[in-house]
Amino acid sequence: RTHNIMDKKQPINTLKRDHVVNDIFAIKSKRTPIAYTKGWRFEALLGDATGSIQLKFWGGPDENKVREIYESMLEGGVIELNARVSEFNGKLELAMTEDEAFRMLNESEYDPAQFIPVTTKDIETMWRQFKATIDSVKEPTLRLVLHDVFKDAAFVEKFKKAPAAMHTHHAWLGGLMEHTLDIVALCEQCCKAYLRINRDLVVAGALLHDLGKLDEYEVGTTIRTTPVGILVGHLTLEVAAILRYKGRTGVDDNTLFKLAHMVISHHGSLEFGSPKIPAFPEALLLSYIDALDARMARMYGLMDEADPHSFETYDKKESRNIYLR
């Protein structure tokens with residue numbers, strides 16, 4: 001670290017109502033300016049390694065001035081600002097006006113690691129568990145695909161630190177491997193209850209189901225969707241990778257097609273991004289388990305971010321209250 005690197009002074013998860021903040025934050029996203037009673041305003045989602053907080057910028061009647069400020073706040077960049085901590089609907093937020101100073105930092109002035117959360121679990125321990133699961137799959141086609149996919153050391157290092165999402169669940173370094181191992185563990189338990197499930201098939205599907213996210217997201221000061229993620233998406237990327245093995249020596253095409261179907265159907269329906277609905281038991285099981293793990297992780301995340309003195313918090317995505325006591 002060089003002398004000009006700025007450190008965060010106060011992590012987001014330690015902010016209190018009525019604090020006056022002068023600190024640095026990553027800009028995760030922003031919403032276009034809109035009119036309000038006194039002029040023009042906009043919102044931006046700011047983050048650091050401990051969480052995120054909404055910034056509300058309250059501008060005056062000069063629309064062009066507000067839009068100029070809005071355009072100067074760059075998504076994925078780091079901003080140094082002065083703001084006040086307020087509260088709205090039980091959640092803390094930052095409020096600032098045109099009179100309060102801010103500036104965008106150069107890349108040489110900050111350490112990106114200060115802005116991305118990291119799994120609380122040991123990454124190398126998780127990888128050993130992941131590798132052991134790969135080695136436990138005996139069906140020849142599935143074993144060939146799994147070992148070939150994870151044979152490249154650079155790919156493995158990227159996978160170990162990949163996030164599983166931008167915001168909704170496991171949105172931290174190591175989150176993809178953590179999410180995948182949670183799903184594998186649930187699949188193993190379900191195999192004990194549903195004895196007709198092909199264990200190797202469902203576990204292989206679980207191990208591969210989100211690998212396209214390595215190309216769907218890029219990590220800097222924030223987790224952002226890439227152009228190929230927007231235009232193609234991780235399900236399609238994964239299926240394309242799996243179908244490359246069609247016709248190879250030692251590959252049973254029907255098993256390969258079932259593996260591809262599990263990946264492309266694991267979101268359950270067209271509404272959630274899957275062009276195919278699960279067509280056999282292993283695909284159905286993976287779809288439900290993936291949804292269960294993602295939604296549980298989201299609920300726990302909202303509970304952890306909630307005001308500890310409140311008895312409830314609100315989940316905007318699911319349009320529901322979450323009880324905290």
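Q: Hi! How many helices and strands does the secondary structure of the protein come to?
A: Eleven helices and ten strands, where helices (H or I, at least four residues) and strands (E, at least two) are DSSP runs numbered from the N terminus. This is a predicted model, so to speak of local features takes pLDDT of at least 70 and side-chain atom pairs count only at pLDDT 80 or more, while totals for chains, interfaces and linings use all residues. Residues are numbered from 1 along each chain as its sequence is written, and side-chain values use heavy atoms, with hydrogens and water left out.

Q: Thanks! What does the C-alpha trace span along its principal axes?
A: About 70 × 45 × 35 Å.

Q: And what share of the residues is buried?
A: Of the 325 residues in the protein, 45% are buried. Buried means under 20% relative accessible area, exposed means over 50%, and partly exposed is in between (1.4 Å probe, protein chains only).

Q: Let's talk rings. How many aromatic pairs are there?
A: The structure holds eleven. Rings of Phe, Tyr and Trp (its six-membered ring) pair if their centres lie within 6.5 Å; planes under 30 degrees apart count as stacked, over 60 as edge-to-face and the rest as tilted. One of the pairs is Tyr110 with Phe115, which is edge-to-face at 6.0 Å centre to centre and 85° between the planes.

Q: Are those two buried or exposed?
A: Both Tyr110 and Phe115 are buried.

Q: Why is the pair of Trp127 and Phe150 tilted?
A: Because their planes are at 45°, with the ring centres 6.1 Å apart.

Q: Which parts does that pair tie together?
A: Trp127 lies in helix H2 (residues 123-136), and Phe150 is in the loop between helix H3 (140-149) and helix H4 (153-161), so the pair ties together parts that are 23 residues apart in sequence. Trp127 counts as buried at 13% relative accessibility, and Phe150 is buried too, with a relative accessible area of 8%.

Q: Which residues do ring pairs link into a cluster?
A: Trp127 and Phe150 are in it, along with Phe130, Phe155 and Phe159.

Q: Switching topic: which charged residues sit over rings?
A: Here are two examples. The charged end of Arg41 sits over the ring of Trp58, 4.7 Å from its centre, and Lys56 lies over the face of Phe88, at 4.2 Å from the ring centre. The criterion is NZ of Lys or CZ of Arg within 6 Å of the ring centre and within 35 degrees of the ring normal.

Q: How many salt bridges does the structure hold?
A: There are 24, each a side-chain nitrogen of Lys or Arg within 4 Å of a carboxyl oxygen of Asp or Glu. In one of them Glu109 meets Arg103, with the closest N and O atoms 2.8 Å apart. Glu109 is buried at 13% relative accessible area, whereas Arg103 counts as partly exposed at 34%.

Q: What about Lys160, which partners does it have?
A: Glu124 is one, with the closest N and O atoms 3.1 Å apart. Glu124 lies in helix H2 and Lys160 in helix H4, so that pair ties together parts that are 36 residues apart in sequence. Glu157 also forms a salt bridge with Lys160, at 2.9 Å between the closest N and O atoms. Lys160 and Glu157 both lie in helix H4, three residues apart, about one turn of the helix.

Q: And is Lys160 buried or exposed?
A: Lys160 counts as buried, at 6% relative accessibility.
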